[in-house]
Amino acid sequence: MAAQRAQQRNEKSTPPVEAERLIGFLNSRPRGGHADGLASTASAGSLLESLGLDGRSLDDVGLERLRRLRDLLAVLADREGDNGGRGAAWDAVNEIAAGVPTVVRFVSDEESAVRPAGEGVDAIVGALIADLDRAVSSGSWKRVRLCAYEPCKSAFYDATRSRTQRWHSYEVCGNRANVASYRRRAAAGSPKRASR
């Protein structure tokens, strides 16, 4: 029974397909010992291939466009950060989306989708914008978060009912954050004890 609950918990924590590529894209940021997946056209090509996107024709200008989109998505996924920048980030994402050729495909009475219509970097950015559109429409974007442990900041999918998961891994980052917080409080309290 416990194994079955653990399996169900793992299945629930798997991000839906519309959020999965966005999380992988966000996790290409340099953070906590991880290299920048968009540091060069070669590294970006490997990253994009792993995300199911064709990055073979990527140039330096296209690479800069991808970095900008990734930075904006990181602002939007940082649920712990300052919300003042979120409105400006959404505005900038809208500008990017307006500059990328996309089409709407209607599948049935209940299903339609935004699809990229361009080539090269336009197709890559268009696919990511289409993923974001599906994630926002389905409500799964609200569950894409950045780990609250500052040295980590990994993107993850918050599958908790309350949508309040703060760390991508409680066992690793949650524990480290709690230990660091305890040590700060203890250090701040030490001089007071010594002066008594």
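Me: Which residue does V104 stand opposite in β2?
Reply: V104 stands opposite V114 in β2. The model is a predicted one.

Me: How do you know that strands β1 and β2 pair, and in what sense?
Reply: Pairing asks for at least two bridges between the strands. β1 (residues 102-106) and β2 (residues 112-116) have 5 bridges, and they run in the antiparallel sense.

Me: Where is E111 found, and is it buried, exposed or partly exposed?
Reply: E111 is in the loop between β1 and β2. Its relative accessible area is 44%. Buried would need a value under 20% and exposed one over 50%, so E111 is partly exposed. With neighbours within four places in sequence left aside, E111 is in contact with R105 and F106.

Me: What makes α4 and α6 a pair of a given orientation, and at what angle do they pack?
Reply: Helix α4 (residues 60-77) packs against helix α6 (residues 121-138) at an angle of about 15°. The axes are 10 Å apart. Angles under 35 degrees count as roughly parallel, so α4 is roughly parallel to α6. The crossing of α4 past α6 is right-handed.

Me: Which residues make the contact between α4 and α6, and how do they divide by class?
Reply: On α4 the contact is made by G62, R65, L66, L69 and L73. On α6 it is made by V121, D122, I124, V125, L128, I129 and L132. By class, the contact has 9 nonpolar, 1 polar and 2 charged residues. Gly counts as polar, so G62 falls in that class.

Me: Why is S28 assigned to its accessibility class?
Reply: The cut-off for buried is under 20%. S28 has a relative accessible area of 5%, so it is buried. S28 lies in the loop between α2 (17-26) and α3 (41-50). Not counting residues up to four places away in sequence, S28 touches A35, D36, G37, L38, L47 and R70.

Me: What is stated about the phi of K153?
Reply: K153 has a positive phi of about 55° and is not a glycine. Most residues other than glycine have a negative phi. K153 sits in the loop between β3 (144-146) and β4 (155-157).

Me: How do you know whether K153 is buried or exposed?
Reply: Its relative accessibility is 12%. Buried means under 20%, so K153 counts as buried.

Me: What class does D78 fall in, and which residues does it touch?
Reply: D78 is found in the loop between α4 and α5 (86-98). At 17% relative accessibility, D78 is under the 20% cut-off and therefore counts as buried. D78 touches L146 and K153, residues up to four places away in sequence not being counted.

Me: How many helices and strands has the chain, and what pattern does it follow?
Reply: The chain has 7 helices and 4 strands. Along the sequence the pattern reads α-α-α-α-α-β-β-α-β-β-α.

Me: What percentage of the chain counts as buried, and what percentage of its contacts join residues at least 24 apart?
Reply: Of the 196 residues, 37% count as buried. Among contacts between residues at least 6 apart in sequence, 52% join residues at least 24 apart.

Technical notes: Residues are numbered from 1 along each chain as its sequence is written. This is a predicted model: local features need pLDDT of at least 70, side-chain atom pairs count only at pLDDT 80 or more; totals for chains, interfaces and linings use all residues. Side-chain values use heavy atoms; hydrogens and water are left out. Axes are lines fitted to C-alpha atoms, for helices over the stretch in contact, and angles run from 0 to 180 degrees between N-to-C directions. Helices (H or I, at least four residues) and strands (E, at least two) are DSSP runs, numbered from the N terminus. Angles under 35 degrees count as roughly parallel, over 145 as roughly antiparallel, 65 to 115 as roughly perpendicular and the rest as oblique. A crossing is left-handed if the near helix is turned anticlockwise from the far one by less than a right angle, and right-handed if clockwise. Contact means heavy atoms within 4.5 Å. Buried means under 20% relative accessible area, exposed over 50%, partly exposed in between (1.4 Å probe, protein chains only).
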